[in-house]
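Keep the viewer open as you read.

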Amino acid sequence: MKKLWIPFVLILLIAGDLFLGSVNLSFPDIISALTGYDSTDYVYKIIWNFRIPKMITALLAGMSLAVCGAQMQTLFRNPLADPYVLGISSGAGLGVAFFVMGSSWLGLGNGPSWLTNLGTAAFAWMGALAVMLIIVAASKRLKSNMTLLILGIMIGSAGSALIGLIQYFSEAAALKTYVLWTMGSFGNVTGNRLAVMAVLCLTGLGISFINIKDLNVLIMGEEYAKSLGIQVSRVRNRIFLATTLLAGSVTAFCGPIGFIGIAVPHIARMLFNNANHRVLIPGSAILGACMMILADIISQMPGSQSVLPVNTVAALMGIPVIIYVIFKNRAVKL
Amino acid sequence: MTPCLDIYALSIGYSKKQILFEDITLQLLCGKITGILGPNGIGKSTLLKTIAGLLPPLKGSVIPQGLPHDRDLCAFVPAQPWRAANFSVEDTVSTGRYRYTNWLGLENPLGKQIIAGVLEKTGIAHLAGRNSADLSDGEFHRVAIARALVQDTPLILLDEPTAFLDIANKQATVLLLKKLAVEENKGILFSTHDLSLAMQHCDLFWIMTPDKKMFFGTPAEMNRQKIIDRLY
């Protein structure tokens, strides 16, 4: 791997994410806030209570979604697979819809905001987990990964339909809360919630690294894996576990963020010219972090007061990349 | 003549309702190259996959002979092995050593030596660093055989190894298999529709006739007993 410039890009982007934002802070102020406590109080607060947690959240989310996408693409041998292909995102969305709109029905809509935040994350996670448990149960009966892929897409559509139904019957305020969640945001993940997200994502990333050896065999076909004496269903469940930890946690805390998971593994394959997962998984992680932090910088629209939804920015960044990959290689190869 | 494997009263197929072939009792020999002949759909691939453990036997059993318990019985080479794009030949072959590599799939120096040796033996050493997606069918088939070879099993099963190859590559592949049988005492079992090639190179035949009977013997015997004629 002779792509040493990539970590430098990441460091630059991390710095950029700390230095640029809606509020213009001077360079020396930021440096002193980072190094000590002798800067003005508000600079210190913006940096340590807002920008650094937001940067770490973006970093974790980018790594998680990209690594998750790479595993899904290999498992299903499908270049269009992404972290949400098994219906994880709509499971999470359904959980959030139940929570947000259910609590407004029960008259709990005006509870403290930490309760709303925590409830949103918890229900999103439970929704994702529920979908994953259905998939794992089904995977015992369904032998082929392609059949599972179709099942995942079906569950996803069913989830979206149910969400539509709940939306139709819900009040305006609850609807707004829900729609805001779907747009994605890194700004709400601080303190304890960041710690929880970090533990879940890092566990998921750890399991993904353990999966590398099996992924290298699975890309050559399930039959080959079986002939090497690998218990394919166990490996598959381990991959699902990692996926749910990664995509489920990011979705729970930041909302459904699309396109990073599908686009980044393709960029990694193109850039490193090596689909060996020993290169692809860490490569996707670092490029995912770069992409996500860049999306965060853009979404903050430095110097202006407005903030764009992260989900939209990520999609607008991801789509051209996919189109470029397709045109450059004439085909997306796995 | 040591046996690698005893097959006893084996019934094969994809489900109990759809048994393809019943009551197969046979022995497979080490150091010999055995060809399975039979019409399409008779169950040649199913038999190979059942022996390889990819399909469960519907009845009867496949019993390895003289196999250390920490080793696999056989490696399986499918008719059209799946390629992974942007995967070097060396890395592809290395996945065959799944049992022996560390948790990340990295090779120790001995493993690297084994792989280099197998690439040499299968005549693809010059392709080691190439992207497997860029190889021809004949070249990639050799990669698949190399990948089976590094699994270090007493038995190698191949499903129609010559089906998608041109004449020169067919000859080369079968000669390679023959060399492995003679020099490394491997049992080689493959299915084929290429009768003349099989007559020329196989030590033994397993013939599955359309009336669902199994015959075995040397090609000359099979010819003398007019069993080969039953295929047509």
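1. Start with a helix pair in chain A. This is a predicted model, and in it α2(A) passes α3(A) in a right-handed crossing. On the α2(A) side, the contact uses A:D29, A:I30, A:A33 and A:L34, and on the α3(A) side A:V43, A:Y44 and A:I47. Sort those residues by class and you get 6 nonpolar, no polar and 1 charged.

2. Now the geometry of that pair. Helix α2 of chain A covers residues 27–35 and helix α3 of chain A covers residues 41–75; their axes come within 9 Å and cross at roughly 65 degrees. Angles from 65 to 115 degrees count as roughly perpendicular, which is why α2(A) is described as roughly perpendicular to α3(A).

3. Helix α4 (residues 88–105) and helix α6 (residues 145–168) of chain A have axes that come within 8 Å and cross at roughly 20 degrees. That angle makes α4(A) roughly parallel to α6(A). The crossing here is left-handed.

4. Which residues in α4(A) and α6(A) meet? From α4(A) they are A:S90, A:G91, A:G93, A:L94, A:A97 and A:M101, and from α6(A) they are A:G156, A:G159, A:S160, A:L162, A:I163 and A:I166. By class, the contact of α4(A) with α6(A) splits into 6 nonpolar, 6 polar and no charged residues.

5. Stepping back to chain A as a whole: its secondary structure comes to 13 helices and 0 strands. Its C-alpha atoms fill a box of roughly 65 × 55 × 35 Å along the principal axes. For 334 residues, a compact globule would have a radius of gyration near 20 Å, and chain A agrees, with 20 Å.

6. Chain B has another make-up, with 7 helices and 9 strands. Its radius of gyration is 18 Å, close to the 17 Å given by the globule rule for 232 residues, so chain B is as compact as a globular protein of that length. Its C-alpha trace spans about 50 × 40 × 35 Å along the principal axes.

7. Turn to the sheets of chain B. One is an open sheet of 3 strands in the order β2-β1-β4, with antiparallel pairing. At its edges are β2 (18–29) and β4 (59–64) of chain B, each of which pairs on one side only. From one strand to the next, the twist averages 20 degrees.

8. Within that sheet, strand β1 (residues 3–15) of chain B pairs with β2(B) in the antiparallel sense over 8 bridges. To find your place in the viewer, look for B:I7, which stands opposite B:L26 in β2(B). Helix α1 (residues 44–52) of chain B packs on this sheet, touching β1, β2 and β4 of chain B, and its direction makes about 120 degrees with that of β1(B).

9. The other sheet to check has 6 strands; it is open, runs in the order β5-β6-β7-β3-β8-β9 (chain B), and has mixed pairing. Its edge strands are β5 (74–77) and β9 (214–217) of chain B, each pairing on one side only. Here the twist averages 15 degrees from one strand to the next.

10. For a parallel stretch of that sheet, go to strand β6 (residues 155–158) and strand β7 (residues 187–191) of chain B, which are joined by 4 bridges. B:L157 stands opposite B:L189 in β7(B). Helix α1(B) packs on this sheet too, touching β3 (33–37), β5, β6, β7 and β8 (204–208) of chain B. The direction of α1(B) makes about 145 degrees with that of β7(B).

11. Last, the interface. How many residues of chain A are in contact with chain B? There are 23, and they meet 18 residues of chain B. On the chain A side, the elements giving two or more residues are α8 (191–218) and α9 (222–227), and α8(A) gives the most, with 5 residues. That side of chain A divides into 10 nonpolar, 7 polar and 6 charged residues.

How values were computed
Residues are numbered from 1 along each chain as its sequence is written. Chains are lettered from A and ligands numbered from 1 in the order in which they are written. This is a predicted model: local features need pLDDT of at least 70, side-chain atom pairs count only at pLDDT 80 or more; totals for chains, interfaces and linings use all residues. Two residues are in contact if their C-beta atoms, placed from the backbone, lie within 7 Å. Ala, Val, Leu, Ile, Met, Phe, Trp, Tyr, Cys and Pro count as nonpolar, Asp, Glu, Lys and Arg as charged, and the others, Gly among them, as polar. Axes are lines fitted to C-alpha atoms, for helices over the stretch in contact, and angles run from 0 to 180 degrees between N-to-C directions. Angles under 35 degrees count as roughly parallel, over 145 as roughly antiparallel, 65 to 115 as roughly perpendicular and the rest as oblique. A crossing is left-handed if the near helix is turned anticlockwise from the far one by less than a right angle, and right-handed if clockwise. Two strands pair if DSSP finds at least two bridges between them. The radius of gyration is taken over C-alpha atoms; the globule rule is 2.2 Å times the number of residues to the power 0.38.
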